[in-house]
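Let's take a friendly walk through this protein, from its overall fold down to single side chains. Have the sequence and the 3D view at hand as you read.

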Amino acid sequence: MKKTRILSLLLVFCLMLVSSTTAMAANTQDVQVSMKKIDVLKNSTLEISHSVDGFEYKETITNINLFKDSIKRAYPQIDNYELGKTILLSLGDTEEFIATLPREKVIEAVDYTSAIRTEVYLDESENGELTEVTREQYLQSKELVTLSDYDRDETFGDLVLKSTAYERSPSYALSGRSYFTIRGEVEWVGFPNFQMNDLLVISSSGNIDNNYSHYASGRWTHSLGTTINDTAYLYDEDGGDGKLISLSNPNIYGIGAEFPLGTGQQSQVLVDKVYCYYGVSCQKDISCQVSYAHAILAWNPSFSISSGGSVSFGGLGIQRQTFHANAFTLYH
């Protein structure tokens with residue numbers, strides 16, 4: 001009788017433990033973050049400044065670590081994925097973009113402490129060449145025109161080239177070194193006239209971070225609305241080759257993603273967005289830059305990067321157009 005009672009008490013204790021653990025897991029997963037409340041925390045902690053230099057738009061954000069701490073105080077049970085997502089949303093990324101990121105890239109945002117973002121806007125003329133336009137001109141064209149409004153044979157696309165550098169404090173950080181994630185993005189609106197293979201390159205005067213997961217992703221959209229997605233990891237067993245994207249690094253000073261602008265018969269599926277993540281570390285101030293080469297004739301895409309972080313594209317000048325976003329300094 002006594003043995004039966006002890007077993008009953010143990011069973012009750014186990015059920016209580018399982019119930020408590022389940023409730024804690026549910027609470028962690030079911031944290032509902034109020035973006036109104038987050039905006040209040042953002043306005044009281046983040047330091048955000050904007051500037052325009054010619055055609056280039058620049059945004060600087062500091063105190064991300066303080067912002068993270070304030071979110072954790074407001075939502076003690078929030079997990080790292082939701083925390084990273086909340087940080088990225090507050091830094092300007094969209095729900096749609098964040099949904100395309102691997103889980104580890106969202107969680108990585110928990111380690112961010114500051115950010116610098118620059119944007120260059122390009123418009124394709126009737127002869128197929130790209131020219132720089134202002135931020136206002138680009139945003140206006142994006143608001144007024146949808147993909148279905150474009151005729152492949154008669155209209156041309158706009159393009160934005162984005163550079164974002166995040167200072168971060170990874171778990172494997174060594175004393176005396178600074179660590180950064182540099183994200184380069186190219187986004188087309190409409191159908192570009194020339195639909196061959198292009199290159200998106202991220203370079204710096206720092207050293208590649210061999211502990212980092214360097215990554216590229218792309219999305220191609222059919223005129224009927226269907227999409228194709230592709231990814232590539234530099235250190236994966238495929239050697240950086242996805243089905244459409246090829247990610248490579250000629251040396252320790254940067255990486256480049258080669259990708260087609262159109263696929264299928266007569267380029268039925270055309271590029272929408274391609275982006276890369278590159279990790280770098282340093283023991284002194286460094287410069288970094290995002291560059292883009294757009295093919296306008298048959299071109300075998302190639303590039304090289306100097307120890308100072310400057311990019312050179314192979315091939316004849318008449319085969320492609322090249323654009324270099326303004327280099328910016330990352331401070332050790």
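## Fold and contacts

In this protein, 70% of the contacts with a separation of 6 or more are between residues 24 or more positions apart; contact here means heavy atoms within 4.5 Å. The model is a predicted one, in which local features need pLDDT of at least 70 and side-chain atom pairs count only at pLDDT 80 or more, while totals for chains, interfaces and linings use all residues. Numbering runs from 1 along each chain as its sequence is written, and side-chain values use heavy atoms, with hydrogens and water left out.

The protein has 7 helices and 19 strands, taken as DSSP runs (H or I of at least four residues for helices, E of at least two for strands) and numbered from the N terminus. It has 332 residues, of which 47% count as buried. Buried stands for under 20% relative accessible area, exposed for over 50%, and partly exposed for what lies in between (1.4 Å probe, protein chains only). The accessible surface comes to about 16,500 Å², and carbon and sulfur atoms hold 51% of that; these areas come from the Shrake-Rupley method with a 1.4 Å probe, and for residues only the protein chains shown count as cover.

## Salt bridges

A salt bridge is counted when a side-chain nitrogen of Lys or Arg lies within 4 Å of a carboxyl oxygen of Asp or Glu, and by this rule there are 10.

| Pair | N to O distance |
|---|---|
| E95 and K85 | 3.2 Å |
| R168 and D209 | 3.0 Å |
| R219 and D272 | 2.6 Å |

E95 of helix α5 and K85 of helix α4 are 10 residues apart, and E95 is partly exposed because its relative accessibility is 46%. R168 is in strand β5 and D209 in the loop between β8 (207-208) and β9 (215-222), so this pair ties together parts 41 residues apart in sequence. Both R168 and D209 are buried. R219 in strand β9 and D272 in strand β14 (residues 269-282) are 53 residues apart, and both R219 and D272 are buried. There is also a network of salt bridges, which links D93, R183, E185, E187 and K273.

## Q321 in strand β18

Is Q321 buried or exposed? Q321, which lies in strand β18 (residues 320-324), counts as buried because its relative accessibility is 14%. Leaving aside neighbours within four places in sequence, Q321 is in contact with G128, E129, L130, Y292, A293, H294 and I296. The C-alpha atoms of Q321 and T131 are 9.9 Å apart, although the two residues are 190 residues apart in sequence.

E237 sits in the loop between β10 (227-233) and β11 (246-251). This residue is exposed because its relative accessible area is 81%.
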